[in-house]
Amino acid sequence: MSATKGAYPRWAWALTGSGHFFTESIALIKSLDAVDLFVSKAADEVLRMYKQELPEGTRIFKETTASSAPVGRFYEGLYHTLVVSPASSNTVAKAVFGISDTLVTNCFAQAGKCRVHAIVFACDTAPEMITMAPKGPVPVYPRRIDLENTAKLKEFDDTTVVESIEDLEEAIAARRRLVAEKAAAHG
């Protein structure tokens, strides 16, 4: 068990059912201290397809209630950052239109309402892409609506939308520095 399991505020990380950079997202989660992981029903399926194990010592909240009860933790000031990675086109569309009917979209909505900064790794960011499926790389062609929704999400307050795993790593590093600076100033 991680020594930081009870440390707050901490990272909230939400996994969707997208396979796009899924294993890389799991690796990034494992590189962070003090993470609470929110796993959608679809992400739970993808974990098995991609044969991924969740990090030991991480608090894990799965989508088991219709009301997404675990999101109440955002009201308690337990998180400094929400990361949604990977973010499926379905999750991005729902977030853009204010629909919060899943654990992940509820996390995003509550983070916004509680002024918790969100970093979203949107999967559909270019007209042509290569993504890794369980059996290997495949070309994908996001629809115009998917690209438009990603562009709209970039306009949200206190939300950073990233388009590559490198951008995600940089956004997390920048957020880590900011959180450390705030902690030192209040320490």
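Helix H4 (103-113) is mostly covered, with 8 of its 11 residues buried, where buried stands for under 20% relative accessible area, exposed for over 50% and partly exposed for values in between (1.4 Å probe, protein chains only). The buried residues of H4 are Leu103, Val104, Thr105, Asn106, Cys107, Phe108, Gln110 and Ala111. Helices (H or I, at least four residues) and strands (E, at least two) are DSSP runs, numbered from the N terminus. The model is a predicted one, in which local features need pLDDT of at least 70 and side-chain atom pairs count only at pLDDT 80 or more, while totals for chains, interfaces and linings use all residues. Residues are numbered from 1 along each chain as its sequence is written, and side-chain values use heavy atoms, with hydrogens and water left out.

Just after H4, arginine 115 takes a positive phi of about 55°, although this residue is not a glycine. Arginine 115 belongs to the loop between helix H4 and strand E5 (117-122). With a relative accessibility of 75%, arginine 115 counts as exposed. A positive phi is also found at aspartate 158, a residue other than glycine, where the value is near 50°. Aspartate 158 sits in the loop between helix H5 (144-153) and strand E8 (159-162). Its relative accessibility is 42%, so aspartate 158 counts as partly exposed. A further backbone feature is the cis peptide bond that joins serine 85 and proline 86, with omega at about -10°. Proline 86 is placed in strand E4.

Cavities were searched for on a 1 Å grid over the protein atoms alone, a cavity being a set of points where a 1.4 Å probe fits but cannot get out. Grid points are joined across faces, edges and corners, and a volume is the space filled by probe spheres set on the points. The count comes to 1 cavity of 30 Å³ or more. The largest cavity holds about 30 Å³ of space. Its lining, made up of residues that have an atom within 4 Å of a point, consists of Val84, Ala87, Thr91, Val92, Ala95, Phe108, Val120 and Leu153. Strand E4 (79-87) and helix H3 (89-96) are the elements that give two or more residues to this lining. The most is given by H3, with 3 residues. Phe108, one of the buried residues of H4, is also among the lining residues. By class, the lining has 7 nonpolar, 1 polar and no charged residues. In this classification Ala, Val, Leu, Ile, Met, Phe, Trp, Tyr, Cys and Pro count as nonpolar, Asp, Glu, Lys and Arg as charged, and the others, Gly among them, as polar.

Two packed helices are described by the angle between their axes and the distance between the axes. The axes are lines fitted to C-alpha atoms, for helices over the stretch in contact, and angles run from 0 to 180 degrees between N-to-C directions. H3 and H5 pack at an angle of about 50°, and their axes are 9 Å apart. H3 is therefore oblique to H5, given that angles under 35 degrees count as roughly parallel, over 145 as roughly antiparallel, 65 to 115 as roughly perpendicular and the rest as oblique. The crossing of H3 and H5 is left-handed; a crossing has this hand if the near helix is turned anticlockwise from the far one by less than a right angle, and is right-handed if clockwise. Helix H1 (residues 22-31) packs against helix H6 (residues 165-186) at an angle of about 20°, with the axes 11 Å apart. H1 is thus roughly parallel to H6. The crossing of H1 and H6 is right-handed.

Several residue pairs set separation in sequence against distance in space. Valine 35, in strand E2 (residues 35-39), is buried, with a relative accessible area of 4%. Valine 35 and arginine 59 are 24 residues apart in sequence and 6.8 Å apart in space, C-alpha to C-alpha. Leucine 147 lies in helix H5 and counts as partly exposed at 24% relative accessibility. From leucine 147 to glycine 17 the separation is 130 residues in sequence and 18 Å in space, C-alpha to C-alpha. Proline 9, in the segment before strand E1 (10-15), counts as partly exposed at 47% relative accessibility. Proline 9 and asparagine 90 lie 81 residues apart in sequence and 29 Å apart in space, C-alpha to C-alpha.

Terms used: 1 Å grid on protein atoms, 1.4 Å probe; cavity = no way out; pocket = protein on both sides within 12 Å on 5 of 7 lines; lining within 4 Å.
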